Amino acid sequence: MFGQSKPDAKSDSYSVNSVTNSKVEETAIEEYGFEEDRSVIDESHDGGRGTGSFGTAYFNIVCVVAGTGTLGLPKAFASGGWLGILILFLAWFMAVYSGIVLIKCLYHKKGERLHDYKQIGKAAFGWAGYAVASVLHFLNLFGCPALYIVLAAGNLHSLLQSNSGALTPAYWSIIVGAFLLIPLITLRTLREVTILAAIGAVCTMIAVFIVVIQGPMYHNSAHLEVERDGVIWTGFPTALSTIAFSYGGNNTYPHVEYALKKPEQWKYAVAAGLSTCTALYFLTAIPGYWSFGSDAVSPIYNSLPEGAGKIVAMIVMTIHVILAIPIYACSFALEFEHFCRIREDRLGKLGAFLGRAVVRTATMVILVILAVFIPYFDDFMSLIGALANCGLVFLLPIICYLRLYGIRKRPIYELAFCALTIFLGIIGCVFGTIDAVKALIADFHGDK
């Protein structure tokens, strides 16, 4: 088993200890390029590394990545046409590659492991890189779960609005936030929320199959006349940014990878997790766009007719997003607790628990406040996908990887793939943000 040491508070990376010559450690050395001291990293403030399984990483990836993005993809196809199939394939390969090199960047310095995404930016480009990574990182960590609360509150309001004591979405946002404080405070690390992630992944699959079955059935029975396009070039940036949102999760990967007992399993876990997500995406996007064409909305179950199928889809997706929120919130809390040195070896069990409770309660309060004041779910999803996820998935990992490991040693085909990823990331980030901002301005003006 891995040894542990106390992290140096003055260091940006975790210190390393000597351990026994086990097979796991030898593989980790070979995988990440550690020196002959056979070192591993300690993160004692979050319970230590080395206890999570392949399933832990797999279900956390699927739960975080495959969620509201799944149900927004038919709308992405409505924006870009059938070209979305090609974009989705490219995004799949790029997201897998990005997830692998991101973790590799954590180990770029032999014998040490960086803590999180922001430290990668700092290692590659100094404080400028740290600042850019931090802005995108926190926009994603707060924007995505806030949108999840918006969706959950809106669904609960729609499902229960016929009751005499119906609540507004704002009240439901507060209730969801208060409910989520229980797992967020009691479950210390991402390793411990695996069961929540597994349930969330199953819920997403149920919603996908409802759309796959009921969408085409409704199209045929109602004889819908829909408009479908091969390529809509003007909608390409919006489609790309929505698809980028669907692969958002990179900033939680360092914490998910750290929970693995066998670090060398990460590349297989991220490939399997993102491949599962992509399969769900195609199952939703193609039948959804075929059934509703340019009239497809986000989330897609709002395009379904009233009835049991739509109700079940809303219920299971509400469960999914509620269970995904603690993963984002826990990722942020772990980083802030590390920054504040909230550890049992310093504060004792009670002090560390109280410190975590304060940090995580404040995190949830901020998320609820954001959710209460964020309307227009689909357009905000496009904005976060364009501004944050394009940067976090398609730009920063690749640029930092090339900076830390060099360009000369990379084969030409890898450099070509990196160049294409960066190009699409820039297109989605710049033009997708412009389109999303224009849509939000139109939304707000429409309410006046």
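How many salt bridges does a search of the whole structure find? The search finds four, a salt bridge being defined as a side-chain nitrogen of Lys or Arg within 4 Å of a carboxyl oxygen of Asp or Glu. The structure is a predicted model, in which local features need pLDDT of at least 70 and side-chain atom pairs count only at pLDDT 80 or more, while totals for chains, interfaces and linings use all residues. Residues are numbered from 1 along each chain as its sequence is written, and side-chain values use heavy atoms, with hydrogens and water left out.

Side chains of opposite charge can pair when their charged atoms come close. One of the salt bridges joins Arg113 and Glu257, whose closest N and O atoms are 2.8 Å apart. Arg113 belongs to strand 4 (residues 113-114) and Glu257 to helix 9 (residues 253-258), so this pair ties together parts that are 144 residues apart in sequence. Helices (H or I, at least four residues) and strands (E, at least two) are DSSP runs, numbered from the N terminus. Arg113 and Glu257 are both buried. Here, buried means under 20% relative accessible area, exposed means over 50%, and partly exposed lies in between (1.4 Å probe, protein chains only).

Another salt bridge links the side chains of Lys109 and Glu112, at 3.9 Å from N to O. Lys109 is partly exposed, with a relative accessible area of 48%, and Glu112 is also partly exposed, at 25%. In the salt bridge between Lys310 and Glu306, the closest N and O atoms are 2.9 Å apart. Lys310 is buried, with a relative accessible area of 9%, whereas Glu306 is exposed, at 69%.

Aromatic contacts were examined next. Rings of Phe, Tyr and Trp (its six-membered ring) pair if their centres lie within 6.5 Å; planes under 30 degrees apart count as stacked, over 60 as edge-to-face and the rest as tilted. By this rule the structure holds 16 aromatic pairs. Among them is the stacked pair of Phe54 and Tyr58, with 6.4 Å between the ring centres and 10 degrees between the planes. Both residues lie in helix 2 (residues 54-65), where a separation of four residues corresponds to about one turn of the helix. Phe54 is partly exposed, with a relative accessible area of 32%, while Tyr58 is buried, at 17%. Phe54 also lies 9.7 Å from Val270, C-alpha to C-alpha, although the two are 216 residues apart in sequence. Elsewhere, Phe89, Trp92, Phe93 and Phe282 form one aromatic cluster.

An aromatic ring is also involved in a contact with a charge. The charged end of Lys104 sits over the ring of Tyr405, 5.0 Å from the ring centre. Such a contact is assigned if NZ of Lys or CZ of Arg is within 6 Å of the ring centre and within 35 degrees of the ring normal.

Burial was then considered by element. All eleven residues of helix 8 (residues 236-246) are buried, so this helix is largely enclosed by the rest of the structure. The buried residues of helix 8 include Phe236, Leu240, Ile243 and Phe245. The loop between helix 7 (194-222) and helix 8 contains His223. His223 is exposed, at 65% relative accessibility, and has a positive phi of about 55 degrees although it is not a glycine. Most residues other than glycine have a negative phi.

Two or more residues of the patch come from each of helix 6 (169-186) and helix 12 (344-372). Tyr171, found in helix 6, is exposed, at 52% relative accessibility.

Finally, a search of the whole structure finds zero disulfides, a disulfide being a pair of cysteine sulfur atoms within 2.5 Å. Cys203 is buried, at 7% relative accessibility, and Cys277 is buried too, with a relative accessible area of 0%.
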